[in-house]
Amino acid sequence: MDRCRLLLVDDHALFREGLAGLFAYQDDFLLVGEADDAATALSQTAALQPDIVLMDIDMPGADGIAATRRLKAEFPEVTVVMLTVHDATDKLLEAIKAGAQGYLVKNIRSAELLEQLRGLRRGEAAITRRMAARILEEFQRGQAAPGVKDESSQDLTARELEVLELVSDRLSNKEIAARLVISEHTVKNHLKNILGKLHLRSRRQAADYGLARGWVRPTDSAT
């Protein structure tokens with residue numbers, strides 16, 4: 001099996017050096033680069049093409065969650081795992097919504113960190129049982145209150161929600177443009193932004209996603 005290429009993003013040099021020493025003794029991992037801020041993380045990802053990015057949250061400039069959101073939009077094939085001191089549920093959920101496939105706290109033991117990263121190659125999420133339980137609790141809480149909109153809808157602008165509603169009515173880009181009095185090019189840009197924010201691949205997926213969560217409802221044109 002090819003060695004898994006890692007990019008480490010953290011603004012503490014001593015922490016990066018410690019992990020670099022750990023990965024140097026692993027036959028299945030290769031640390032290809034390091035970055036100490038979001039901008040460098042993006043440029044290093046483009047240049048080095050890592051398989052996994054280990055991302056801290058607290059960094060100078062844009063934080064790790066914002067960096068993850070942008071990185072996943074530009075490099076959707078790259079796996080991002082948060083490696084942070086934050087043990088709060090809100091940070092965990094923000095990171096998952098931004099596209100992270102894992103969330104590990106820095107007090108984790110080195111053997112467990114390596115096992116979690118190896119699990120990614122088996123299609124598993126890099127997340128501890130305690131963090132997984134928190135996600136399940138939040139999901140169950142959301143299911144218990146069906147009248148409350150998913151917080152992810154707040155990431156979409158009012159115009160994007162309008163476009164999503166018309167997409168759910170199976171209108172074409174041309175028809176949406178006419179309805180909203182905008183250009184087809186603008187409609188395409190809105191759709192690109194919607195898919196990027198929701199981490200989906202098609203307009204049909206976006207429509208189903210919005211309808212299932214009650215963000216939009218079909219208008220009379222769908223009947």
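I began at the second largest pocket, where helix 3 and helix 9 (184-198) each give at least two residues to the lining. My helices (H or I, at least four residues) and strands (E, at least two) are DSSP runs, numbered from the N terminus. The model is predicted: local features need pLDDT of at least 70, side-chain atom pairs count only at pLDDT 80 or more, and totals for chains, interfaces and linings use all residues. Residues are numbered from 1 along each chain as its sequence is written, and side-chain values use heavy atoms, without hydrogens and water.

I noted that helix 9 brings the largest share of that lining, four residues. Lys 72, Ala 73, Lys 192 and Arg 201 are among the lining residues. A pocket here is an open set of points on a 1 Å grid over the protein atoms alone, where a 1.4 Å probe fits, with protein on both sides within 12 Å along at least five of seven lines; lining residues have an atom within 4 Å of a point.

Next I turned to strand 4. Is strand 4 (residues 79-84) buried or exposed? Six of its six residues are buried, so the strand is largely enclosed by the rest of the structure. Buried means under 20% relative accessible area (1.4 Å probe, protein chains only). I found Thr 79, Val 81 and Leu 83 on one side, with Val 80, Met 82 and Thr 84 on the other.

Then I checked its neighbours. Strand 3 (residues 52-55) runs parallel to strand 4, joined by four bridges; pairing takes at least two DSSP bridges between two strands. Val 53 stands opposite Val 80. In strand 5, Leu 104 is the bridge partner of Leu 83.

Methods: Buried < 20%, exposed > 50% of the residue type's maximum accessible area, 1.4 Å probe, protein only.
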